[in-house]
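Subject: Structure for you to look at

Hello,

Here is the structure I said I would pass on.

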Amino acid sequence: VENILFAMIELQRSFWLNNIQTVLLVTTAYHMRRSLAIARYLLPAHIAIIPCPANDTHTRQDNWSTTPIGIERAKKEALNVINYIRNGVIPDFEI
């Protein structure tokens, strides 16, 4: 949430949010779903969001379950999604 809010402040200062049509959202693939939900919830509706997932060594779709680091990151991300929804930070969505 903080990263999106700080980005919004910087975008407003630099370009004015009403002038922005599209933003590129870059984060690790395992973190993209929550980040995209937060961005869609907080950014004005007229701004299109293009997700650009970045590869990381331990949490790719094909290997996250094969390393302790990947498993721990996936668990933590799932818990973060649950907590954000429970606390009303983002609306509920299908995973």
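A word on residue classes before the notes: Ala, Val, Leu, Ile, Met, Phe, Trp, Tyr, Cys and Pro count as nonpolar, Asp, Glu, Lys and Arg as charged, and the others, Gly among them, as polar. By that scheme, the lining of the largest pocket holds seven nonpolar, three polar and four charged residues. Please keep in mind that this is a predicted model.

The largest pocket

The space in the largest pocket comes to about 500 Å³. Its lining is made of 14 residues, and those nearest the pocket's centre are Ala29, Tyr30, Arg33, Trp64 and Ala74. Two or more lining residues come from each of helix H2 (29-42) and helix H3 (68-86). Which element gives the most to this lining? Helix H2 does, with five residues.

The second largest pocket

Here the space is about 280 Å³. The second largest pocket has 19 lining residues, with Asn3, Ile4, Ala7, Leu25 and Ser35 nearest its centre. The elements that supply two or more residues to this lining are helix H1 (2-15), strand E1 (22-28) and helix H2. Helix H1 has the largest share, six residues. Sorted by class, the lining of the second largest pocket contains 13 nonpolar, four polar and two charged residues.

Regards

Terms used:
Residues are numbered from 1 along each chain as its sequence is written. This is a predicted model: local features need pLDDT of at least 70, side-chain atom pairs count only at pLDDT 80 or more; totals for chains, interfaces and linings use all residues. Side-chain values use heavy atoms; hydrogens and water are left out. On a 1 Å grid over the protein atoms alone, a cavity is a set of points where a 1.4 Å probe fits but cannot get out, and a pocket is an open set with protein on both sides within 12 Å along at least five of seven lines; lining residues have an atom within 4 Å of a point. Grid points are joined across faces, edges and corners, and a volume is the space filled by probe spheres set on the points. Helices (H or I, at least four residues) and strands (E, at least two) are DSSP runs, numbered from the N terminus.
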